[in-house]
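This report describes how the parts of one complex meet. Please look over the sequence and the structure before reading on.

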Amino acid sequence: MTADDLRRATWRMAHEIVERNHGLDGVVLVALQTGGVPIAEALAAALLEIEGVDVPVGSLDVAFYRDDIGLRPVLPEAVTDIAFAIDGAVVVLVDDVLFTGRTIRAALNALADYGRARAVQLAVMVDRGHRELPIRPDFVGKNLPTRRDEVVDVADDGVDLGEMVK
Amino acid sequence: MPELVIRGGTVIDADGERRVDVAVAADGTIAAVEPEIDATGTGATVVDAAGCVVAPGFVDLHTHLREPGKEEAETIESGTRCAARGGYTAVVAMPNTTPAIDSAAVVRQVLDAGRAAGLVDVHTSAAITIERAGEHLTPMAELAALGVKLFTDDGAGVQDDRLMRRAMEYGADLDVALAQHCEVEALAAGGHMHEGAWSSRLGIPGIPVEAEELMVARDLALARRTGARAHFQHLSTVGSVELVRAAKAAGQQVTAEATTHHFTLTDACCAAYDAVFKVNPPLRTAEDVAAIKVGLADGTIDAIATDHAPHTTESKELPFDQAPPGMLGLETALALAITELDLPLAQIIGLLSWRPAAIVGIDDDHGGHLVPGRAANLCVIDPAATWVVDPDATASRSRNNPYAGRTLTGRVRHTIYRGTPTVLDGEACR
Amino acid sequence: MKHLLAIDELGADGIAEIHRLADAFVEVNRRPIPKVPTLRGRTVVSLFFEDSTRTRLSFETAAKRLSADTMTFSVGTSSVKKGESVRDTIETIEAMGIDAIVVRHGSAGVPWQIARWSSAAVINAGDGWHQHPTQALLDTYTALGHLGSLDGRRVAIVGDIKHSRVARSNIAAFTLLGAEVVLVAPRTLLPPDLTDWPVRVVSDLDGVLGDVDVLYLLRMQRERMTESLVPSLREYARRFGLDRERAARLGDGAIVMHPGPMNRGVEIAGDITELPNVVVTEQVANGVAVRMAVLFWLLGADPVPTHEEEPADA
């Protein structure tokens with residue numbers, strides 16, 4: 001994916017979010033630290049242009065909710081920052097890459113500690129497959145078939161595929 | 001007919017050094033000291049001393065045998081077996097047992113048990129005050145008549161100045177040493193290690209050097225007045241050594257001992273809070289260690305003592321400030337002296353043997369001169385052998401050895417006590 | 001096994017790492033449900049040989065907010081009073097299967113002994129006069145919150161340094177983070193030998209008041225009077241206590257800290273504890289987050305060595 005592809009995918013996903021929710025009433029974006037943050041900001045900018053609504057954007061770090069604590073080094077990337085109420089909101093979780101689904105599982109648990117959302121939806125820029133949990137994205141920038149040992153890098157200038165360095 | 005012949009060694013005693021064999025008679029005395037003694041056909045046991053030094057048996061002025069009262073830590077038998085393994089043929093037992101050695105009955109009990117063990121001559125000290133409580137004098141004349149040569153409240157000093165004066169006055173006529181564990185309780189109370197940079201850092205209450213030095217100064221003054229034979233136990237500070245040196249220079253007849261740990265270990269050893277390094281007087285600084293070495297070299301300090309103080313592993317695993325003070329010493333004394341003191345071997349042997357023997361008046365039987373007719377109390381040492389200290393390789397009931405893993409030079413190979421081997425090839429044989 | 005026994009073992013980087021974790025836990029503590037599942041299934045034992053309800057509650061709250069199970073080994077009612085050795089106690093607790101021991105003991109060095117005997121992570125919650133690392137971590141965390149950076153800042157620690165584990169840990173922590181520490185105390189309340197301590201020592205509080213960024217008041221134990229370390233509490237308060245008049249001479253932005261519990265009227269006058277630059281309550285609140293950070297750092301941040309590596313998540 002090039003930078004242009006990314007921009008186009010962002011706009012399409014923004015439109016899909018508006019369409020799915022019949023507007024932006026009660027919709028908030030919660031980005032997963034750290035990869036989801038720029039994507040959520042881009043989505044919010046697009047939503048503002050499309051609907052004229054400034055959608056609240058928060059960020060969530062799921063380190064404390066992971067299921068592999070004690071198996072590998074786990075440290076929070078950044079402090080969670082959700083400055084709005086989750087109760088009754090439609091939360092769109094935003095991440096860069098969807099892989100096994102374990103991070104999203106952790107995010108769902110974390111989110112529940114902030115309140116009871118009316119609905120939770122999932123937006124990812126890249127879905128690379130290899131799910132290990134029954135989790136499915138609502139909005140996808142691109143489906144990208146990968147091998148398990150490859151890595152996907154989403155940056156401002158596009159999406160790259162590389163060999164996993166162990 | 002000799003019972004036993006020590007062949008091939010070099011004798012070092014108060015008369016100097018010579019290449020001779022030593023024959024021991026059946027009655028436990030030295031039969032002959034000659035360049036070549038042929039034992040063939042005599043049936044005599046031959047003890048190999050090739051490449052080794054044959055020395056008078058060592059005398060420890062400061063041994064805690066723990067019996068009666070703390071037999072789980074040491075007994076007279078296990079403690080004297082340690083002594084034999086260290087090359088000793090006589091020890092002076094300290095009186096801080098339970099009950100304290102402060103009466104004729106306990107003195108006899110200790111002497112009898114020592115004789116029954118038969119591993120070294122057990123001389124016992126006796127307390128200066130009843131129950132070592134610092135209030136009333138023990139029957140010093142009665143105890144001296146039983147053979148007590150040294151009085152001390154070891155474990156504590158006699159705090160009361162007037163009482164100490166009385167003890168010296170009374171003891172002056174008895175031909176005994178008035179020995180002091182110099183520690184002013186008012187300054188030392190609550191302390192668990194040397195007061196200094198390490199105690200400050202570790203947050204452990206300290207014992208200042210002045211706690212020792214004030215009492216050394218007091219006892220020197222009292223000894224001058226009373227004419228008593230004052231002996232200073234386990235000196236540990238620069239200031240104490242200087243006080244004794246000055247007194248001797250002024251002609252005062254006093255004696256002093258230093259322990260092996262006070263010339264080998266410093267307060268930095270306490271950094272890991274291992275109570276094996278807790279001892280009283282405490283391990284001090286490198287400057288103090290250096291001063292002790294100089295004191296041993298220049299004669300200010302007359303004897304090396306061990307302050308062999310067994311404690312069970314359980315009690316040494318208590319928090320540092322609750323664990324009892326003391327460390328083992330009998331089995332490592334010679335090697336530590338050879339390894340750490342830059343002194344001629346003859347001088348080291350003197351510090352371990354005839355000089356302490358003279359302080360307690362047992363130099364007819366121990367130390368001094370290896371000549372025919374004297375009791376065959378001697379040891380054979382290999383001054384060049386190196387070995388690694390293993391706390392489990394001990395005759396003691398306890399394991400509080402602060403030298404675990406240290407490589408030392410100099411080893412006792414054989415010990416002969418009154419003509420009979422107590423240790424052969426490093427192992428206790430009785 | 002990682003332990004937290006003394007501040008200097010952490011170094012500046014270790015302190016910064018724990019502070020960064022504490023930021024995340026401060027956020028957790030602000031949530032409607034201030035609890036995360038991070039240490040589910042882990043067991044944290046508090047083993048307090050010396051009473052300190054405040055510190056114990058702070059640790060237990062921290063453990064519970066991380067979803068760890070907590071056990072309190074109350075020494076006052078246990079066999080320890082009947083002569084059971086610390087080692088036996090540790091071996092008994094270990095047999096129950098535990099992951100961390102939070103230990104407070106009146107004797108310096110006990111946490112080091114326990115670390116030798118135990119396979120669990122040991123956290124020193126105060127040993128004698130020696131160390132109290134979590135206190136120093138929360139104190140520096142609190143000070144950083146107000147001052148931004150401690151580099152070149154001036155910290156005065158006032159009072160009974162000699163008997164204070166809080167002082168020993170804080171001297172190390174503030175110094176590691178770049179601050180200059182000055183001790184303000186009479187000689188009787190100073191450790192006997194300060195060789196190699198990175199501190200300046202003065203005996204006049206008024207002389208330093210105007211140019212400190214942190215005024216750290218230590219608790220003055222009443223028993224020090226009976227030891228004649230100071231003639232009277234009144235004289236101590238007059239020389240070293242913070243009153244309204246002295247507080248007014250503190251520089252702008254300077255903060256006043258105290259490890260608690262405060263002796264009002266001794267080290268601090270009763271009528272100034274509510275001043276905005278007295279941050280004692282904040283210290284207590286940060287204590288929970290910092291102790292969560294420490295527990296997570298010891299039990300969660302690193303792999304447990306016995307487990308097999310599992311597939312990585314994206």
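## Domains and contacts

In chain C, 22 residues of domain 1 are in contact with 20 residues of domain 2; two residues are in contact if their C-beta atoms, placed from the backbone, lie within 7 Å. This is a predicted model, in which local features need pLDDT of at least 70, side-chain atom pairs count only at pLDDT 80 or more, and totals for chains, interfaces and linings use all residues. Residues are numbered from 1 along each chain as its sequence is written, while chains are lettered from A and ligands numbered from 1 in the order in which they are written.

The domain assignment of chain C gives domain 1 as 7-132 + 285-299 and domain 2 as 134-280; such bounds come from an automatic or database domain assignment. The centres of the two domains of chain C, taken over C-alpha atoms, are separated by 26 Å. On the side of domain 1 of chain C that touches domain 2 of chain C, α1 (11-30), β4 (121-127) and α11 (280-299) of chain C each supply at least two residues. Helices (H or I, at least four residues) and strands (E, at least two) are DSSP runs, numbered from the N terminus. With 6 residues, α1(C) has the largest share of that side of domain 1 of chain C. By class, the side of domain 1 of chain C that touches domain 2 of chain C holds 9 nonpolar, 9 polar and 4 charged residues. Here Ala, Val, Leu, Ile, Met, Phe, Trp, Tyr, Cys and Pro count as nonpolar, Asp, Glu, Lys and Arg as charged, and the others, Gly among them, as polar.

Chain B is also divided, into domain 1 (2-54 + 372-428) and domain 2 (56-359). The C-alpha centres of these two domains of chain B lie 26 Å apart. Their contact takes 31 residues from domain 1 of chain B and 43 residues from domain 2 of chain B. On the side of domain 1 of chain B that touches domain 2 of chain B, the elements giving two or more residues are β2 (10-13), β18 (378-388), β19 (407-417) and β20 (420-424) of chain B. Of these, β19(B) gives the most, with 7 residues.

## Between the chains

The table lists the sides that chains A and B turn to chain C.

The contact between chains A and C takes 23 residues from chain A and 19 residues from chain C. Helix α3 (residues 102-112) of chain A gives the most to the side of chain A that touches chain C, with 3 residues. Within α3(A), the buried residues are A:R102, A:T103, A:I104, A:A106, A:A107, A:A110 and A:L111. A residue is buried if 20 or more other C-beta atoms lie within 10 Å of its own, exposed if 12 or fewer, and partly exposed in between, with C-beta atoms placed from the backbone. The cover over the buried residues of α3(A) includes β1 (27-32), β2 (57-60), β3 (90-98) and β4 (119-127) of chain A.

Chain B has 16 residues in contact with 21 residues of chain C. Helix α6 (residues 197-202) of chain B provides the largest share of the side of chain B that touches chain C, 3 residues.

Why is helix α4 (residues 110-117) of chain C largely enclosed by the rest of the structure? The reason is that 6 of the 8 residues of α4(C) are buried. These are C:V110, C:P111, C:W112, C:Q113, C:I114 and C:A115. The buried residues of α4(C) pack against α3 (86-95), β3 (100-105) and β4 of chain C.

Strand β4 (residues 21-25) of chain B is likewise largely enclosed by the rest of the structure, because 4 of its 5 residues are buried. Strand β1 (residues 2-7) of chain B runs antiparallel to β4(B), joined by 4 bridges; two strands pair if DSSP finds at least two bridges between them. One of the bridge pairs is B:P2 with B:A25. Strand β5 (residues 30-34) of chain B is also antiparallel to β4(B), with 4 bridges, and B:A23 has B:A32 in β5(B) as its bridge partner. β4(B) and β5(B) form a hairpin with 4 residues between them, and B:G28 in the turn has a positive phi of about 85 degrees.

## Confidence

The predictor gives the complex an ipTM of 0.92 and a pTM of 0.92. Chain C averages a pLDDT of 91, and 94% of its residues score at least 70; pLDDT is the predictor's confidence in each residue, from 0 to 100. Over residues 306-314 of chain C, pLDDT stays under 50, and the model has 13 contacts beyond four places in sequence for them. Where pLDDT is low, the predicted coordinates should not be read in detail.
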